[in-house]
Amino acid sequence: MSERKIPLAGVIGTPIAHSKSPRLHGHWLRRYGINGHYIPMDVASQDLEDAIRMLPKLGFVGVNVTIPHKEHVMTLADLVSDRAALIGSVNTLIFRADGKIHGDNTDGYGFIENLRQGAPDWDPAAGPAAVIGAGGAARAVLSSLLDVGVPEIRLSNRTKNRAEALQREFGQRIQVFDWVQAGNMFDGAMTVVNASSLGMDGAPEMRIPLDGLSPDAVVTDLVYTPLETSLLAHARSIGCRTVDGLGMLLFQAAPGFERWFGLQPDVDEKLRQAVLL
Ligand code: NAP
């Protein structure tokens, strides 16, 4: 009788030592008693294609892809999901039994599910959203907010032309605000998102005036080190519902785990604690 292969998955990036994904998937593998492994792999850009082609032959059922390979890897996939095409990058690869490589991007899904779990009465259609930042993460935020029916998105970024490029791409529901007037975005905004790296440990603090923020707004920060950024602390102090960024990381991992290991994993407090250790 032939033994079933032990399924392997992992994360490819460089550097990779800081990645929380091995701890996250390792927790789920142990918790559900799955005989599989999830491995961090430091792969340089010039080796990416060779590595991706070799992994299925080694028993890998898929991988996560992180900085700096998320755009490049899109060109190596045979099929790309609509949401990955819209976001313009891939963070999850599935190596299918027929030999085809399927690329997906689960960041927008993770972002929305985190908001839904952290603020269960959040209504995306309740009013405009205000988004800070125009990098890779902002693309996932914009496409998923539009998808769930936010009527208007106000967008501001230090480098204005990057925000304008997103407006051209994502359309009329995006309005670009000058960086020096970014505080005006919060007036009447019902969803507020920091999708920039401001406020992250080691990065400058966010200095956008927050006095226009309404207590009715749901405020979330993609930065999760620290867990409570000054944006979230201020929002909480005036009575806003706040949602930290760690849950986005947890939720974006779930669709990959389910495709690779065949089980829909729970995103709960035990997982948060395992990842925070
Ligand atoms: P990115 O593509 O490098 O974009 C960085 C963004 O931050 C750009 O909008 C950039 O503005 C802005 N920024 C950086 N330094 C700034 C400064 N000193 N002043 C003003 N703006 C500044 O990075 P990303 O992938 O979009 O990630 C953004 C943040 O989200 C990071 O902190 C990342 O850790 C976090 N993130 C979290 C999750 C999660 O699961 N929670 C997922 C993805 C990302 P310019 O365009 O002007 O440079």
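How far is an oxygen atom of the ligand from a polar backbone atom of Ala134? The distance is 2.9 Å, which falls under the heading of a polar contact (a pair of N or O atoms within 3.5 Å). This is a predicted model, so to speak for local features a pLDDT of at least 70 is needed, side-chain atom pairs count only at pLDDT 80 or more, and totals for chains, interfaces and linings use all residues. Residues are numbered from 1 along each chain as its sequence is written, and side-chain values use heavy atoms, with hydrogens and water left out.

Other contacts join in. A backbone N or O atom of Ala137 sits 2.8 Å from a ligand oxygen, and for an N or O atom in the side chain of Thr159 the distance to a ligand oxygen is 2.5 Å. On its own the ligand exposes 920 Å², and the protein buries 76% of that (areas by the Shrake-Rupley method with a 1.4 Å probe).

Now for the shell around the ligand. It holds 22 residues, and Ala137, Asn157, Arg158, Thr159 and Arg162 come nearest (a residue is near if one of its heavy atoms lies within 4 Å). Helix H5 (136–147) and helix H8 (246–261) each bring at least two residues to this shell; helices are DSSP runs of H or I with at least four residues, and strands are runs of E with at least two, numbered from the N terminus.

Two prolines follow cis peptide bonds. Thr14 is joined to Pro15 with omega at about 0°, and Pro15 lies in the loop between strand E1 (8–13) and helix H1 (21–31). Ile67 is joined to Pro68 with omega at about 10°, in the loop between strand E3 (60–65) and strand E4 (79–80).

Notes. A polar contact is a pair of N or O atoms within 3.5 Å; within protein, one must be able to donate a hydrogen and the other to accept it, and residues adjacent in sequence count only if both atoms are side-chain atoms.
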